[in-house]
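Notebook open, structure on screen. I'm jotting down what I look up as I go.

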Amino acid sequence: MPSVEQTQPLISHLLELRNRLLRALLAVLVVFLGLIYFSGDIYEFVSKPLVDKLPEGATMIATDVASPFFTPLKLTLIASVFIAVPLILYQVWAFVAPGLYKHERRLIMPLMFSSSLLFYAGVSFAYFVVFPLVFGFFTAISLGGVEFATDISSYLDFVLALFMAFGIAFEIPVAIILLCWTGATSPEELRAKRPYIIVIAFVVGMLLTPPDIISQTLLAIPMCLLFEVGLFFARFYVRKDDDEEEQVEE
């Protein structure tokens, strides 16, 4: 049977985890309550790239009775989570930091900060650059006898999927640094595989954007640039990690 001394640290860690989760949920709730009054305006802002491209006389529709009420609230809740991401990551950091070495703390905190910025950059890139191209392409396709009308709930699901896809795609530098720092690969190995990675970037661009070379390139080029940024910074983190290990061995 585990002794009292062994169970007490476990209980304290569980209590700490509970408190951190509650604080993260409280942060989301506070942001949500602050935004709920503007839920309609938030949905109008997110739907603007499509509305601007709709044919003359066409509008968005609601195929469910409760959609005009619940769809903006759903978007506001998700937006609250996006906005509260730095606070959520801080709670994660505060929970794991006591168990990290000094050189690990120097790595994790900047990565959490940069991952938030990169995610927001990916979402902004999707909204301001990709959406106008995507919706311009889709609305330009006209079928005889078919009126273009998009359900507001389906539209929300579509744009949220793209937001997540581009937000995650822009995390490439963070992923590269972590892979090199953990020893799963090295900057030299990734540099040698650069031609394959460029091809993969254009394939991803083809899957996430309409079938035209312009929009595919607009996603593939930032991914390639972010790959190079990740390679640049990964070199320094690998060297620092090696130096720390040598000092420990001495």
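I started by searching the whole structure for disulfides and came back with zero. A disulfide is a covalent bond between the sulfur atoms of two cysteines. One caution for myself: I'm working with a predicted model.

Is Cys180 buried or exposed? Cys180 has 7% relative accessibility, so I put it down as buried. Cys224 comes out at 18%, and because buried means under 20%, it gets that label too.

**The chain overall.** I counted ten helices and zero strands. Reading from the N terminus, I get α-α-α-α-α-α-α-α-α-α. Of the 250 residues in the chain, 38% are buried.

Next I checked how far apart in sequence the contacting residues are. Taking contacts with a separation of 6 or more, I find that 82% are between residues 24 or more positions apart.

**Aromatic pairs.** How many aromatic pairs does the structure hold? My list has 15.

I picked out Phe82 and Phe119 from it. Their ring centres are 5.3 Å apart and their planes sit at 80 degrees, so I noted the pair as edge-to-face. Phe82 belongs to helix α3 (residues 67-83) and Phe119 to helix α5 (residues 102-140), so this pair ties together parts 37 residues apart in sequence. I also checked burial: Phe82 and Phe119 are both buried.

Then I went to Phe125 and Phe166. This aromatic pair is tilted, with 6.2 Å from centre to centre and 40 degrees between the planes. Phe125 is in helix α5 and Phe166 is in helix α6 (residues 152-169), so the parts tied together here are 41 residues apart in sequence. Both Phe125 and Phe166 are buried.

I also wrote down a cluster linked by ring pairs. Its members are Tyr43, Phe45, Tyr127, Phe128, Phe131, Phe135, Tyr155, Phe158 and Phe163.

**Gln91.** My last stop was a glutamine, Gln91, in helix α4 (residues 85-96). Why does Gln91 count as buried? Its relative accessibility is 13%, and the cut-off for buried is under 20%.

Which residues is Gln91 in contact with, leaving aside its neighbours within four places in sequence? I found Arg20, Arg23 and Ala24.

Notes: Residues are numbered from 1 along each chain as its sequence is written. This is a predicted model: local features need pLDDT of at least 70, side-chain atom pairs count only at pLDDT 80 or more; totals for chains, interfaces and linings use all residues. Side-chain values use heavy atoms; hydrogens and water are left out. Helices (H or I, at least four residues) and strands (E, at least two) are DSSP runs, numbered from the N terminus. Buried means under 20% relative accessible area, exposed over 50%, partly exposed in between (1.4 Å probe, protein chains only). Contact means heavy atoms within 4.5 Å. A disulfide is a pair of cysteine sulfur atoms within 2.5 Å. Rings of Phe, Tyr and Trp (its six-membered ring) pair if their centres lie within 6.5 Å; planes under 30 degrees apart count as stacked, over 60 as edge-to-face and the rest as tilted.
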